[in-house]
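Hi,

Here is the structure I promised to pass on. Have a look at it first, and my notes on what turned up follow below.

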Amino acid sequence: MSAILVTRKLPSSVLAKLSAVADVDLYTGEAAIPAEELRARVAGKDALVCLLTDAVDRGVIDAAPSLKAIANVAVGYNNIDVAYARSRGIVVTNTPDVLTESVADFTWALILAITRRLSEGERLVRRGEWKGWALDLLLGTELRGKQLGLIGVGRIGRAVAARAGAFGMRVAYTSRREIEFAGAEALPLDRLLLTSDVVSLHVPLTPDTRHLIDKRALTRMKRSAYLINTARGPVVDEAALAWALQHHLLAGAALDVYEDEPVVHPDLFGLENVLLVPHLASGTTETRTAMADLAVENVLAVLAGGAPLTPVP
Ligand code: GLV
């Protein structure tokens, strides 16, 4: 029987598929498995089902000479040393497609929440400071007729764009590759930053995209613009963002991801015009179950000697 390490509880129906064919070593802690324990428990395993909070580095890979598959329960895979895994003949898989629509919905939830000041309003009500309806209370900004600037138009960026028409927004995008994208305007990054009213990030975290949104990029944005990040925290220089918001160089930011999760740059806490949520974009019961299921199906395929369903590109 194969041996599999699963680093966090998965839905029981999904775990049952693994247990039916393999010995499953399940880490049951509430937080991420400590690095040392990951190295110790992966030894002797044939497959690893892991999360984006697990750093699967050379040390982990070297600790598991019989490993054949690493299945990340996430579409992003910056937590895995993919090149090294490949050099050791290990298949790495992720969970694309199944989370696209839920992340796109959530991106719009953030766009609407930050432009209509939902969390500010909620804080006001909870503090008991609401004095009643007023013509000028917490006025937001409309989306109709404005430009949504997408940085990255893979599956998720495109699904975000597909919803823009419902809010009357035109779409511009910037992409490293020349791509076909009807109904949206291709712009160089600088131009996109200068002209967009909402800038939303949909790139993977790579050495090229780390701090793509730095002080310089933030100073390019309109003072009336909003930044949305549902991609990966380190794509934005968080300290620079806090500085830009403090100096009113942009109107606001909505963040689902952070540079050093679960740590949040302390300067962001004091700002009203920033919405902070805890990495929830794919977080529906349906989608998280589908992600876990796809990761498990990938492991089962590889252990059965077949091709993985969704190997990382
Ligand atoms: C979540 O952030 C994911 O990459 O799936």
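Two residues are said to meet, or to be in contact, when heavy atoms of theirs lie within 4.5 Å. Please keep in mind that this is a predicted model.

Let me start with the overall picture. The chain contains 12 helices and 12 strands, and its C-alpha trace spans about 70 × 50 × 30 Å along the principal axes. A compact globule of 313 residues would have a radius of gyration near 20 Å, and the chain has 21 Å, so the two agree. Buried residues account for 49% of the 313 residues. Of the contacts between residues at least 6 apart in sequence, 58% join residues at least 24 apart.

Next, a pair of helices. The axes of helix 5 (residues 100–115) and helix 7 (residues 155–162) come within 8 Å and cross at roughly 55 degrees. Helix 5 and helix 7 are therefore oblique to each other, and the crossing is right-handed. On the helix 5 side, Thr-100, Glu-101, Val-103, Ala-104, Thr-107 and Trp-108 take part, meeting Arg-155, Ile-156, Ala-159 and Val-160 of helix 7. The residues of this contact comprise six nonpolar, two polar and two charged.

Finally, which residues of helix 6 (residues 118–126) are buried? They are Ser-119, Glu-120, Gly-121 and Leu-124, and what covers them includes strand 12 (274–276). After helix 6 comes Gly-128, with a positive phi near 75 degrees.

Best wishes

How values were computed: Residues numbered from 1 in each chain as written. Predicted model: local features only at pLDDT ≥ 70, side-chain atom pairs only at ≥ 80, totals over all residues. Heavy atoms only, no water. Buried < 20%, exposed > 50% of the residue type's maximum accessible area, 1.4 Å probe, protein only. Helix = DSSP H or I, 4+ residues; strand = E, 2+ residues; numbered from the N terminus. Axes fitted to C-alpha atoms, helices over the stretch in contact; angles between N-to-C directions. Parallel < 35°, antiparallel > 145°, perpendicular 65-115°, else oblique. Left-handed = near helix turned anticlockwise from the far one by under 90°. Nonpolar A, V, L, I, M, F, W, Y, C, P; charged D, E, K, R; others polar. Rg over C-alpha atoms; globule rule 2.2 N^0.38 Å.
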